[in-house]
Amino acid sequence: MSQSMSDKPPDSSQEDSLKLEISNVVPKVSNASTPTSASKRRRAFRRATKSTASLVNAVHAYFKNEKQLGSPKNLQKPALRTSEALGISEHLVYDIQKKMAEHDNDPTEPFPDDEEEEKRDRSSDVPDAFFARIRKIIADMHREKLVPTLNSLLNRVRQDWSGDDSWKWSRTTLYNTLSRLGFKYTSRKSHSHVLHECLDIRAKRIRFIRSIREFRNAGAPIFYTGDTRFGIHSTPEKTWVSRGKGSPKIAGDKGSYFVLAQIGSATTGIIKDCGLIYNCKRPTEHVHGDLPVDVFLKWLDETVLPQICKQLDPVLVLNNTPHHQTLTAETKPAESSWSKKQLAEWLVAHGIQTLNCTTAKEYLSAFTRIELQTLCNKHHPEPVLEVDVLAKKHGANILFLPPLHPELNPVEQIWDRVLKAPLPIISSAADAPDLSQIKENILETVNAVDASALSGLEASCRQFENAYFQAEVEDIESHDEEE
């Protein structure tokens with residue numbers, strides 16, 4: 001069967017060059033008959049140029065002509081043959097044919113020239129005002145002990161934007177936004193490690209660094225306090241056992257543990273005879289092993305402050321633990337769980353008069369409980385801490401560490417050494433630990449930390465301070481450059 005010149009297929013060398021040209025524009029697939037996703041089809045179609053469209057159209061026209069002339073059965077699918085010949089998907093052939101059919105005069109009109117190949121702008125168009133909200137959502141999830149994966153974070157973001165119809169979040173948009181904010185998907189760390197970078201904690205951290213540097217420059221003596229918890233029922237970490245057998249568990253008095261508090265400075269080391277060991281008899285007696293407030297304040301008033309105030313204008317650095325943040329009785333706010341009578345009595349005790357009410361009975365008759373609660377919140381007293389009152393009494397200065405930053409406190413760095421002190425080993429459940437011996441071993445180990453050791457630990461803390469401060473400076477400079 002004869003064919004016209006226009007119906008002749010291109011020679012092998014010409015066909016190879018055409019394949020090479022289109023392979024630079026259209027991605028190849030391993031199997032042309034394999035279905036492709038709609039997004040991949042759209043991307044391939046957007047990358048098609050005039051030369052690509054002309055090539056596809058010419059090859060398809062040739063195969064179609066073969067079909068009309070009565071070709072063998074295996075040539076009855078011109079679109080499939082075109083995709084196989086060019087190494088592109090069959091869907092792309094159909095898409096190009098459909099688009100070119102809409103322009104009879106110039107079929108290549110809807111496609112750009114080769115040098116004008118479309119390049120999508122994939123830069124994030126998320127407004128900068130949204131970045132703070134994203135950071136806050138991530139910080140809130142860590143405070144709630146939730147793991148912010150992309151899916152869980154997307155759900156929280158969509159909930160936060162539920163009332164805002166002007167913006168829709170997708171996985172890709174959220175992923176690009178997180179990358180732009182400097183987040184990366186990596187092995188999960190502790191929640192406290194992530195909370196380090198919350199704006200409120202960063203602000204407290206930079207204020208602490210500025211304050212302690214001012215005290216150092218003024219030559220003020222700086223003392224650090226720290227506390228930890230240890231049990232008396234500990235068994236040896238390693239024992240001799242046969243192969244494949246685990247270490248036996250020895251039952252002990254799991255409700256008995258101590259809270260140890262100590263004070264020291266780089267010039268004096270750990271101050272002897274200032275340590276406090278409190279025996280907590282029940283694990284539920286204090287949350288997280290904290291000292292009772294009255295015990296801590298008594299230790300501070302009678303032992304710590306008189307000792308450090310032997311020097312002029314000392315500074316006492318405290319951790320952000322609950323017993324350090326106790327308010328005075330006069331400045332404690334009314335609690336939301338209080339009864340109506342308690343709220344009325346609180347208003348009277350603080351000398352608050354509304355509608356000529358001066359007694360609790362008058363308040364009870366004139367206001368509802370919600371109104372009393374609102375009045376109490378409105379007249380919230382200025383907070384005053386118990387430790388500040390004691391420090392002012394003795395002539396000392398109080399400086400609080402930022403939350404979740406034990407690396408800025410040298411006394412906190414000695415607990416590993418303390419907890420490795422030789423304790424009476426419980427070899428059986430019947431053994432009763434010698435509490436006096438435990439206290440003696442612990443205090444002896446703590447008091448052995450001299451000025452040189454604590455000075456080295458403080459130098460390490462200063463390195464952390466410098467690193468945190470430098471990071472804030474670089475962050476400010478990067479924002480200024482962006483603006």
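Colleague: A nonpolar core is a set of buried Ala, Val, Leu, Ile, Met, Phe, Trp, Tyr and Cys residues joined through side-chain atoms within 4.5 Å. Which residues of the largest one touch the most other members?

Modeller: Phe208, Leu260, Val317, Ile414 and Ile442, out of 27 residues in that core. Buried here is under 20% relative accessible area, exposed is over 50%, and partly exposed lies in between, with a 1.4 Å probe and protein chains only.

Colleague: What should I know about the model first?

Modeller: It is a predicted model, where local features need pLDDT of at least 70 and side-chain atom pairs count only at pLDDT 80 or more, while totals for chains, interfaces and linings use all residues. Residues are numbered from 1 along each chain as its sequence is written, and side-chain values use heavy atoms, with hydrogens and water left out.

Colleague: What is phenylalanine 208 in contact with, leaving aside neighbours within four places in sequence?

Modeller: Val317, Leu399, Phe400, Leu401, Pro402, Leu408 and Glu465. Contact means heavy atoms within 4.5 Å.

Colleague: And the chain as a whole: how many helices and strands?

Modeller: 18 helices and six strands. Of the 483 residues, 36% are buried. Among contacts with a separation of 6 or more, 70% are between residues 24 or more positions apart.

Colleague: New topic. At what angle do α7 and α8 pack?

Modeller: About 100°, with the axes of α7 (residues 150–160) and α8 (residues 171–180) 10 Å apart. Axes are lines fitted to C-alpha atoms over the stretch in contact, and angles run from 0 to 180 degrees between N-to-C directions. The two are therefore roughly perpendicular, a label for 65 to 115 degrees.

Colleague: Which residues meet there?

Modeller: Leu150, Asn151, Leu153, Leu154 and Val157 from α7, and Arg171, Leu174, Tyr175 and Leu178 from α8. By class that contact has seven nonpolar, one polar and one charged residues. Nonpolar covers Ala, Val, Leu, Ile, Met, Phe, Trp, Tyr, Cys and Pro; charged covers Asp, Glu, Lys and Arg; the others, Gly among them, are polar.

Colleague: How far apart are the end C-alpha atoms of α6?

Modeller: 19 Å, which agrees with the 18 Å that its 13 residues (131–143) should span. The expected span is 1.5 Å times one less than the number of residues. Buried residues in α6 include Phe131, Ile134, Asp140 and His142. Just after α6, lysine 145 has a positive phi of about 60°.

Colleague: What does threonine 358 touch, beyond four places in sequence?

Modeller: Val348 and Gln353. Threonine 358 and valine 348 are ten residues apart in sequence and 6.4 Å apart, C-alpha to C-alpha.

Notes. Helix = DSSP H or I, 4+ residues; strand = E, 2+ residues; numbered from the N terminus. Parallel < 35°, antiparallel > 145°, perpendicular 65-115°, else oblique.
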